Structure formats: C-alpha cells, structure tokens
Amino acid sequence: MSTPEPTLIQRIIRDDVLAMGAYHVPDSHGMVKLDAMENPYQLPPALRQQLADRLAQVALNRYPVPSSAALRARLKTVMDVPDGMEVLLGNGSDELISMLAMAVARPGASVLAPVPGFVMYAMSAQFAGLGFVGVPLRADFSLDREAMLAAMAEHRPAVIYLAYPNNPTGTLFDADDMAAIVRAAQGEVCDSLVVVDEAYQPFAQQSWMPRLTEFGNLLVMRTVSKLGLAGIRLGYLAGAPQWIEQLDKVRPPYNVNVLTEATALFVLEHVDVLDEQAARLREQRTALAAALGRYDGVTVFPSAANFLLIRVPDAARIFDALLSRKVLIKNVSKMHPLLTNCLRVTVSTPEENALFLEAFAASMQD
Ligand SMILES: *Cc1c(COP(=O)(O)O)cnc(C)c1O
C-alpha cells in the first residue's frame with residue numbers, strides 16, 4: 001500500500017506543529033472554576049464605575065503610545081523596581097517568554113529550566129527552534145543544585161528560568177541554590193541570562209527584584225494576572241537597560257493595547273485593594289491546606305502561591321469525581337513522573353473553597 005500524498009496543509013505547516021495537540025482549555029461553564037490560579041475577587045463596584053469612566057475617555061482610534069512610557073514609569077514605582085533598572089512590557093508574561101526565546105534563538109541555542117515547571121518555557125523554546133533542557137527537581141520539589149550546575153555545564157543554555165515560586169508545585173526554591181546558579185551562569189560554568197519568574201509574587205511576598213543590582217545576568221519577570229487582572233494580559237520584565245534595549249527590538253510595537261494600559265494605570269492607583277485580596281487568599285491558603293491535610297492518604301505540599309499541589313491515592317478518579325460535582329481543578333499527574341497522582345487546586349473565596357472541600361470529601365468516599 002502506498003502512503004497517501006501529504007496534503008497542502010501538511011506540506012506547508014511544520015511537522016512539529018502538525019504533531020502537536022492544541023492548547024486545551026476545558027469548558028468551565030457552570031463550574032466552580034479552580035483550575036487557572038485566577039483571583040476570585042473583582043474590583044469593588046465603586047472602583048469599577050470609576051474605571052468605566054476612565055476607559056470611556058480612551059482614544060480607541062489611536063495606536064498606543066509606543067512603549068507605554070507612563071505605564072512603565074508607574075510600574076517601576078509601585079513594584080519597587082530598583083533605580084537604574086528598566087522594564088519591558090508584554091501581552092502577558094507569556095509574550096515576554098516568547099520574546100526572550102526569539103531574541104536568543106541562535107542555531108544550537110537552548111533554554112534550561114527545572115521540571116516539572118511552567119510549560120510555556122518549553123513551548124516557546126520549541127516554537128523559536130531552541131532546544132529545551134528540563135532538569136528534574138528533587139522528590140520534595142526542591143532545586144537539585146548539583147544537577148542544575150551539571151546540566152548548565154553540559155548544555156550551556158542561553159536562558160535559565162527559575163519560577164519563584166514554581167508552578168505547578170508551589171515551591172519557593174532555596175535562595176542560596178538560586179544565587180549559586182545565577183553566579184555560575186556568569187561565565188564560570190556557562191554564559192546565561194537567568195530569568196526569575198515571579199508570577200505568584202503577591203502570594204509569596206519574597207522577591208528577587210531588589211537583587212537585580214547584584215547580578216548583571218539576572219532579569220525578574222512579573223505579571224498582573226495572578227494578582228487579579230488575568231483578563232487584561234499584562235506582564236513585565238525588569239532588568240538592566242542594556243538587556244531590555246535588546247529584547248525590546250523583538251517586541252511587536254503595539255503589544256500592549258490602550259484598554260490594558262488605561263486599566264493597569266487605574267488599578268495601580270488602587271493597588272492596596274489587590275494587595276488586600278492577596279492577603280485574604282494567603283489566609284485561605286493556610287485554611288485550605290489544613291483542611292486537606294486532615295485526610296489520610298492525602299499529601300499537601302507547602303505552597304507560596306495561590307494554589308495547592310496535593311497528592312491523592314488516585315488522581316484521575318478524584319479529578320473526574322470532582323468534575324461530576326461541578327468542580328474544575330487541574331490534573332497535573334501526567335505532566336511529569338514526579339507529579340504522579342498530583343492535583344493542583346486554586347485557592348479561592350471561603351465559599352468556593354467550602355464547595356470544593358465538600359465535593360472533595362464526597363469524591364474521596366465514592
Ligand atoms: C500563570 C503564569 C505565567 C503567565 O502569566 P501571564 O502573564 O498570564 O501570561 C507565567 N509564569 C508562571 C510560572 C505562571 O504560572
């Protein structure tokens with residue numbers, strides 16, 4: 001039997017893209033949605049009205065001001081970016097990760113990150129034609145410093161990502177391990193840019209931002225998504241102006257739209273509201289971890305993020321049982337062997353957490 005002729009699509013689209021599954025976002029209609037680390041709280045009604053008035057003034061007919069100088073200045077102040085450092089804005093930090101990949105994509109270059117970790121590091125590397133080196137964490141999800149240094153020596157990656165705290169594990173890596181990696185990447189073991197991804201900083205309350213001045217090969221990436229503005233798509237990358245200047249060249253010129261810019265400027269005037277929501281979620285994280293920790297056979301891993309990673313006796317069964325009770329969480333058990341039987345649940349309001357715990361109790365007894 002002869003093999004069928006490739007179709008026009010198959011002759012044009014890259015083989016690795018043809019072979020991929022589409023990024024699957026499950027239907028969450030009518031569900032208690034605890035799968036995506038969203039902040040469950042909205043802005044108070046009075047602020048929403050003020051924001052609506054502000055947005056009504058925005059000139060939708062005009063292109064955004066190139067490079068959003070006002071928003072960058074405001075972010076630097078509110079987010080304590082050290083003096084002398086610059087920021088680059090992205091349409092979510094996902095876009096910043098893609099821009100980084102594009103900027104370093106020399107033939108043979110690679111990106112290195114601990115695994116299990118955030119999937120976009122590997123995906124953006126693949127799309128840009130870069131290699132991806134995943135270095136397994138230890139079984140307790142701490143950084144394996146020796147394995148990281150060995151992989152750095154072997155692969156000499158252009159970029160190293162360290163998510164602080166890490167997704168999907170919630171771990172806050174040891175700062176000395178991280179510093180050793182950043183230092184080793186200053187020519188001692190390899191020449192690499194180290195990007196500390198602080199998507200969950202509001203829940204960790206620890207940051208590498210002040211240490212930007214200490215290391216010439218360090219960038220700190222943040223997003224407003226997990227803080228409560230996932231819908232506006234805004235991420236920022238802070239670091240020495242010499243790095244930002246180069247990365248800015250691959251940025252699509254109008255990547256932050258006028259509505260996002262105006263919304264972010266407004267919300268940054270009221271950042272105390274979001275900080276207070278984050279504080280409530282940190283309290284809820286403690287309560288939820290304690291409640292889940294009472295089950296025999298359930299392990300709750302320490303988390304510095306707005307989600308908990310738990311290990312259950314049978315992740316697929318519990319996930320389905322929760323789904324049948326209209327609770328959507330994330331089954332991460334097939335992502336990596338270290339995550340066998342692990343589920344990830346977003347910390348939400350006391351009401352939604354109670355609904356989850358009720359469904360979880362019933363699911364454990366099915
Ligand atoms: C959610 C997440 C991001 C992506 O954030 P966006 O700004 O919404 O694109 C980046 N890094 C980590 C580790 C995340 O979990």
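Let's start with Lys-76, which sits in helix H4 (residues 69-78); helices here are DSSP runs of H or I with at least four residues, strands are runs of E with at least two, and both are numbered from the N terminus. Lys-76 has a relative accessible area of 24%, so it counts as partly exposed. That label covers the range between buried (under 20% relative accessible area) and exposed (over 50%), using a 1.4 Å probe and protein chains only. This is a predicted model, so local features need pLDDT of at least 70 and side-chain atom pairs count only at pLDDT 80 or more, while totals for chains, interfaces and linings use all residues. Residues are numbered from 1 along each chain as its sequence is written, and side-chain values use heavy atoms, with hydrogens and water left out.

- Lys-76 and Glu-86 are 10 residues apart in sequence, and their C-alpha atoms are 7.9 Å apart in space.
- Arg-325 belongs to the loop between helix H14 (315-324) and strand S11 (327-328).
- With 30% relative accessibility, Arg-325 is partly exposed too.
- From Arg-325 to Ala-180 it's 145 residues in sequence and 46 Å in space, C-alpha to C-alpha.

**The whole protein**
- Count up the secondary structure and you get 15 helices and 13 strands.
- The radius of gyration is 21 Å, which agrees with the value near 21 Å that a compact globule of 366 residues would have. It is taken over C-alpha atoms, and the globule rule is 2.2 Å times the number of residues to the power 0.38.
- Along the principal axes, the C-alpha atoms fill a box of roughly 65 × 55 × 55 Å.
- Buried residues account for 49% of the 366 residues.

**Strand S6 and its partners**
- All 5 of the 5 residues in strand S6 (residues 193-197) are buried, so the strand is largely enclosed by the rest of the structure.
- Leu-193, Val-195 and Asp-197 point one way from S6, while Val-194 and Val-196 point the other way.
- Strand S5 (residues 159-163) runs parallel to S6, joined by 5 bridges; two strands pair if DSSP finds at least two bridges between them.
- Across that pairing, Val-159 stands opposite Leu-193.
- S6 is also joined to strand S7 (residues 218-223) by 4 bridges, again parallel, and here Val-196 is opposite Val-220.
- S5, helix H8 (residues 175-184) and S6 form a right-handed β-α-β unit. Right-handed means that, with the strands pointing away from the viewer, the path from the first strand over the helix to the second runs clockwise.

**Around the ligand**
- There are 13 residues around the ligand (a heavy atom within 4 Å), and Asp-197, Tyr-200, Thr-223, Ser-225 and Lys-226 come nearest.
- A polar side-chain atom of Asp-197 is 2.6 Å from a ligand nitrogen atom, and one of Tyr-200 is 2.6 Å from a ligand oxygen atom.
- The protein covers 94% of the 390 Å² of accessible area that the ligand has on its own, by the Shrake-Rupley method with a 1.4 Å probe.

**A second sheet to trace**
- Follow the order S9-S10-S13-S12 and you have an open sheet of 4 strands with antiparallel pairing.
- Strands S9 (299-300) and S12 (330-331) stand at the edges with a single partner strand each, so one side of each has no neighbour in the sheet.
- Strand S10 (residues 307-311) and strand S13 (residues 342-346) are joined by 5 bridges, with Ile-310 partnering Leu-343.

Note on methods:
A polar contact is a pair of N or O atoms within 3.5 Å; within protein, one must be able to donate a hydrogen and the other to accept it, and residues adjacent in sequence count only if both atoms are side-chain atoms.
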